[in-house]
Amino acid sequence: MFDLRQLRTFLEIAGCGSFSRAADRLRIAQPALTRQMQMLEATLDTRLFDRHSRGVDLTEDGNAFLARAQAILRETERTLEEFRARSGTV
């Protein structure tokens with residue numbers, strides 16, 4: 001199973017096109033970020049990124065997962081907002 005942190009990390013890497021830039025933006029060590037993506041790729045049983053000297057590109061599966069990850073996070077945020085509004089903590 002993957003977690004929301006892995007999804008956010010995946011989206012940041014995809015947006016930056018680089019593990020090192022994403023690690024800087026997320027303020028986490030690059031080895032920890034790399035490990036999160038290794039775990040996500042193992043869970044999904046696919047490679048999400050093609051790594052090269054200038055950074056990374058999404059694979060075909062990475063592009064397909066991008067839309068799903070964005071949708072999952074949007075729905076999660078809507079759910080949190082809805083239930084916080086119900087309890088009056090917005």
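This is a predicted model: local features need pLDDT of at least 70, side-chain atom pairs count only at pLDDT 80 or more; totals for chains, interfaces and linings use all residues.
Student: What makes Glu12 and Arg25 a salt bridge?

Tutor: The side chains of Glu12 and Arg25 come to 2.6 Å, N to O, and because the rule asks for a side-chain nitrogen of Lys or Arg within 4 Å of a carboxyl oxygen of Asp or Glu, the pair counts as a salt bridge. Glu12 belongs to helix H1 (residues 4-16) and Arg25 to helix H2 (residues 19-26), so that the pair, 13 residues apart, links distant parts of the chain. By this rule the count comes to 6 salt bridges.

Student: Why is Glu12 called buried, and why is Arg25 called exposed?

Tutor: Glu12 has a relative accessibility of 18%, and because buried means under 20%, Glu12 is called buried. Arg25 has a relative accessibility of 61%, and because exposed means over 50%, Arg25 is called exposed.

Student: Why is the pair of Phe2 and Phe65 called edge-to-face?

Tutor: A search of the whole structure finds 4 aromatic pairs. In the pair of Phe2 and Phe65 the ring centres are 5.8 Å apart and the planes stand at 85°, and because centres within 6.5 Å make a pair and planes over 60 degrees apart count as edge-to-face, this pair has that name. Phe2 lies in the segment before H1 and Phe65 in helix H4, so the pair ties together parts that are 63 residues apart in sequence.

Student: How do you know that Phe19 and Phe49 are edge-to-face?

Tutor: Phe19 and Phe49 are 5.5 Å apart, centre to centre, with 75° between the planes, and because the angle is over 60 degrees, the pair is edge-to-face. Phe19 in helix H2 and Phe49 in strand S1 are 30 residues apart, and both are buried. Phe2, Phe10, Phe19, Phe49 and Phe65 form one aromatic cluster.

Student: Why is Phe65 called buried, and which residues does Phe65 touch?

Tutor: The relative accessible area of Phe65 is 10%, and because this is under 20%, Phe65 is called buried. Not counting residues up to four places away in sequence, Phe65 touches Phe2, Leu7, Phe10, Leu40, Leu44 and Leu48. Phe65 and Leu48 are 17 residues apart in sequence, with their C-alpha atoms 7.9 Å apart in space.

Student: What makes Arg27 exposed, and where is Arg27 found?

Tutor: Arg27 has 76% relative accessibility, and because this is over 50%, Arg27 counts as exposed. Arg27 is placed in the loop between H2 and H3, and its phi is near 60°, a positive value in a residue other than glycine.

Terms used. Residues are numbered from 1 along each chain as its sequence is written. Side-chain values use heavy atoms; hydrogens and water are left out. Helices (H or I, at least four residues) and strands (E, at least two) are DSSP runs, numbered from the N terminus. Buried means under 20% relative accessible area, exposed over 50%, partly exposed in between (1.4 Å probe, protein chains only). Contact means heavy atoms within 4.5 Å. Rings of Phe, Tyr and Trp (its six-membered ring) pair if their centres lie within 6.5 Å; planes under 30 degrees apart count as stacked, over 60 as edge-to-face and the rest as tilted.
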